[in-house]
Each structure stands twice: as structure tokens, then as C-alpha cells.
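Biologist: Please show me the structure, and then let us go through it together.

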Amino acid sequence: GEKFFMKMFLRLFMAAAAIALLSIAFSACGKEYTRDKGDQWKENYDISSPNLENAGKDAEHSNSDGWYLTLEENFDGDTLPETFAPSPHKLRKTEYWCDEMISVRDGNAVIKAAHETNHQCPVCNVAEGDFTSGIETMKTVDGKTTPLFEQAFGYFEARVKLPQSGGMWSAFWLQSRSTGNIGFEGQDGTEIDIYESSFFRTDKTKMGHALHYDGYDPKYHRCQDTIRDTGIDLYDGYHTFALKWTPEEYAFYIDGKVTWASDFGGVSKVPAYLRFTNEVRPNQTGPYGSEIRRF
């Protein structure tokens, strides 16, 4: 079947000033759903881009604004680095997630999606269907999870080439192991969607950001999202998607320009792990209102 790709590399930074706070701090929407359509956030939050110039490799070598590098991955070589693992094999909605759909080459992690009629994978044990996958800084073996990298607060940035198909729903997001907890709003764990891509056929200049907390049971689940029009074709070549997460707010950036900011849920204070996923959403209308057709 026809194949589509999501490619990326990333850099993460921490602000030295946020470190002390860590010791103190320790999808269809359900009960509450808010779509932020205005620009009031531009006045309510610190939407400045962080000064990352001369950011060192550790806290002792942070730059003049206290930023230092915590993880940089250029996906050199031909296998996933130790900080990443494939998302678990499973049937998710209508597609199968399979390790064989992931490769590393030419300085990119590549997540492939394809409709196959002779799929060769002993774990999936399925020959025909839609196959894709994801990578994350969490390792799952026999249902047991082990974090490979987690971080609360900082600046998270990935350079991504989005899949050029209306049937794809790719995303760069952060997930806390406690996101499913009920209570304490989002402060004890929030799903932070740095970007969600579903606009290839309809609005190539638009991108979605979202925040979710209190699990995913419609009785408790709360979320806020927004759709931003960047004015540029985000499906043409590589683009950079980023998040500045401080104890006070989340600020989102595309190609260095701020696109949204929020403190929905009171801002999570617990570490989160990284996820890059490439879901298949054929023949359905997504939460952003875009009609998604089979690729």
C-alpha cells in the first residue's frame, strides 16, 4: 500500500531556575471541554522565546538565563537510541501498531504508515490492515513500563516532516504516568499535545495544540485545545514544533513563533515522557472538524 512518513529530531532544555521547584512540586473530551479561539493569551502569559544561546551540557554550565541542555537526539546511526523505544504492539482504534514500521536513517526517526495485504510480523499476527507505530521515552515489556527519559518543565523542541496524507494523525506529545489520576486538576499529570496534525486535505496552514487531564473517562476528563493558522504550508518540508513549560504556563511555538499559551488545569508539576505517534484515522471526522479520508 501507499506509505507515509513522519520524520524528526529533537532537543530538550531545562532552566536551572526550575530545578528547585521539582523537589517542592512533588481524544474526545468529556466533562469539561474548552476551545481557545481568541488571542487573549498573548496578554496573559509570558510568550517570549527562551534564550538558548550558549546553553551548556549540564546545570553547572547553564547560559546567562539559566538554560542548559538535557537531551539532544539527532537519530544518527540505524537503530533507535537508548532513550527511545517503540510504542507497544497493539490494535489501537482501527490500526495495528508494529515495531517494523519504525526505522532510523539519514539522521531521522521515521514512522511509516501503510495499508498492507501481506504484512510480515509475528507479533501482530495479522496480514492485512492499516499498520503504523510510534516511539516514546518509555519502555514497555510484558505490560510493565520503565521510563527512559522524563522531565518536568523546560523547553521541548522537535524538527518534524509531517505525513502528507489526509488519513494521518501525527503528534508530538508529552504524557505523565499519572495523567489518569482524578483530582488535583492537571497539576498531578497532564497530556500536553505540542502539535496534532490532521489538516492535510483541508487547511495545510493550520495546526492544533491541546491539554488533557483527569484521565480519559468522559465523566472526569477535561481538556482545552486550540487551532492556529500559521499562514505557511506546514506539510511542505520540515518544521519545528516546540513547547516552553514553566511552573506558571505552557507556551507553544511553530518555527520559532509563539502560537498559543495556557495554564489550563493549573499546570502539571510532575515529570512527563515524550511520545511521537503517527495514527491512522480513515473515514472519520476528527475533533478538529477536518474530514479525514483513507490514504
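**The largest pocket**

Modeller: D39, W41, K42, R228, D229, T230, I232, I254, D255, K257, V258 and T259 line the largest pocket. A pocket is an open set of points on a 1 Å grid over the protein atoms alone, where a 1.4 Å probe fits, with protein on both sides within 12 Å along at least five of seven lines; lining residues have an atom within 4 Å of a point. This is a predicted model: local features need pLDDT of at least 70 and side-chain atom pairs 80 or more, while totals for chains, interfaces and linings use all residues. Residues are numbered from 1 along each chain, and side-chain values use heavy atoms, without hydrogens and water.

Biologist: Which element gives the largest share of the lining?

Modeller: Strand β20 does, with three residues. Helices (H or I, at least four residues) and strands (E, at least two) are DSSP runs numbered from the N terminus.

Biologist: What is the order of the open sheet of eight strands?

Modeller: The order is β2-β17-β16-β15-β14-β21-β10-β4, with mixed pairing. Two strands pair if DSSP finds at least two bridges between them. β2 (32–35) and β4 (85–86) are at the edges with a single partner strand each, so one side of each has no neighbour in the sheet.

Biologist: How many bridges join β14 and β15?

Modeller: Five, in the antiparallel sense, between residues 168–175 and residues 190–197. In this pair, L174 is opposite I192 of β15.

Biologist: A change of topic: is S64 buried or exposed?

Modeller: S64 counts as exposed, because its relative accessibility is 70%. Exposed means over 50% relative accessible area (1.4 Å probe, protein chains only). S64 is in the loop between α2 and β3 (67–73).

Notes
Buried < 20%, exposed > 50% of the residue type's maximum accessible area, 1.4 Å probe, protein only.
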